[in-house]
Amino acid sequence: MFDKFSRSWDLVKASASVLRSDKELMLFPVISGAVTLVVLATFLLPAFALRIFADGFGLGGVVFGFLFYFVQYAVMIFFNCALVGAAMIRLDGGDPTLADGFNAAKARIPAILGYAAIAATVGVLLQGLKQKDNFLVRLMGSVLGAAWTLATFLVVPVLVSRDIGPIDALKQSVALLKRTWGENAVGQVGIGAAFGLITTAVAIVGAGLAVLAAQVSFALAIVVGALALLAALLVGVYQAALSGIYSAALYRYAVSHETPAAFRGADLEHAFLPKA
């Protein structure tokens, strides 16, 4: 297990090196976040105005929730495909542009929409389990959600790289998970935990500075709070970009056994040995 942590950390560092060499990759999660907020507002305002969830999670709520998840997932998957498509060009030694990433995603729109429908269905079912009063059912929903996240981690690289449908892409992601279990799990949890701690630290420091600034001026406190929020958002953007590059590198080596230049020395060979 220590070897898995060590290899995963090497992979994360190599992913960060790729991101430093092409900071434009961070624009994909920035644009994705902005569009996602628009989608959220588009669904949230009617939900409150029409009181769709006033009587609980009924049939109308299920349909509305599915539509929301579908549009939200379609947006996120599209921009993730654009990010991974550009990252793969970088891993091959190229110099990708935003247009390159978007072209890679646009070429796979039917498969992206199909996978968004699958993800939306799973999302609604998992949300339904988490809304139950029974603690064990809610726990099961959380466990299934974590398993789904692991199993689908490589779906986006598969969609970008191969001309296959969403179901086949999901099957291939699951098959690759069996070979990359340790690096997949450690990489996701490690990146999430590290950036979670950083975000928490930024929030605590920002809140403390805002309180101190309030002693001088309320306007200054607002400015400090806004800067802290911006810093937290930038951390989230960096995390999203780093995770996309990490998934692209894992997939690329898993299927070709060729180590990208930025990842030489990261012990990828051991990362993809058949698991016992």
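This is a predicted model: local features need pLDDT of at least 70, side-chain atom pairs count only at pLDDT 80 or more; totals for chains, interfaces and linings use all residues.
Figure 1. A second aromatic pair is formed by Y69 and Y73, whose rings are stacked with 5.8 Å between centres and 20° between planes. Because Y69 and Y73 are four residues apart in helix α3, about one helical turn separates them. Y73 has a relative accessibility of 23%; since this value lies between the limits of 20% and 50%, Y73 is classed as partly exposed.

Figure 2. Nine aromatic pairs are found when the whole structure is searched. One of them joins F66 and F70, which are stacked at 6.4 Å centre to centre with 15° between their planes.

**Figure 3. Helix α2 and its buried residues.** Helix α2 covers residues 27-49, a total of 23 residues. The buried residues of α2 are F28, P29, S32, T36, V39, F43 and A47.

**Figure 4. Packing of helix α2 against helix α4.** Helix α4 consists of residues 98-106, and its axis lies 11 Å from that of α2, with a packing angle of about 60°. This angle makes the two helices, α2 and α4, oblique to each other. On the α2 side, the contacting residues are L27, F28 and I31; on the α4 side, they are L98, G101 and F102.

Figure 5. The axes of helix α5 (residues 109-130) and α6 come within 7 Å of each other and cross at roughly 155°. The two helices, α5 and α6, are therefore roughly antiparallel. From α5, the residues Y115, I118, A119, V122, L126, L129 and K130 take part in the contact. Their counterparts in α6 are V137, R138, M140, G141, S142, L144, G145 and W148.

Figure 6. L129 is located in helix α5, and M140 is located in helix α6, which runs over residues 135-151. L129 and M140 are eleven residues apart in sequence, with 7.6 Å between their C-alpha atoms. Apart from neighbours within four places in sequence, L129 contacts V137, R138, M140, G141 and L144. Between M140 and K130, the separation is ten residues in sequence and 8.2 Å in space, C-alpha to C-alpha. M140 counts as partly exposed because its relative accessibility is 43%.

Figure 7. V160 lies in helix α7, which comprises residues 155-161. Is V160 buried or partly exposed? Its relative accessibility is 18%, and the limit for a buried residue is under 20%, so V160 counts as buried. When residues up to four places away in sequence are not counted, V160 touches C81, V84, G85, M88 and R108. A248 is 88 residues from V160 along the chain, and the C-alpha atoms of these two residues are separated by 9.6 Å.

**Figure 8. The protein chain as a setting for the close-up views.** The protein chain contains eleven helices and zero strands. Of its 276 residues, 41% count as buried. Among contacts in the protein chain with a separation of 6 or more, 74% are between residues 24 or more positions apart. The accessible surface of the protein chain is about 14500 Å², and carbon and sulfur atoms contribute 71% of that area.

Conventions
Residues are numbered from 1 along each chain as its sequence is written. Side-chain values use heavy atoms; hydrogens and water are left out. The expected span of a helix is 1.5 Å times one less than its number of residues. Buried means under 20% relative accessible area, exposed over 50%, partly exposed in between (1.4 Å probe, protein chains only). Rings of Phe, Tyr and Trp (its six-membered ring) pair if their centres lie within 6.5 Å; planes under 30 degrees apart count as stacked, over 60 as edge-to-face and the rest as tilted. Contact means heavy atoms within 4.5 Å. Accessible areas come from the Shrake-Rupley method with a 1.4 Å probe; for residues, only the protein chains shown count as cover. Axes are lines fitted to C-alpha atoms, for helices over the stretch in contact, and angles run from 0 to 180 degrees between N-to-C directions. Angles under 35 degrees count as roughly parallel, over 145 as roughly antiparallel, 65 to 115 as roughly perpendicular and the rest as oblique.
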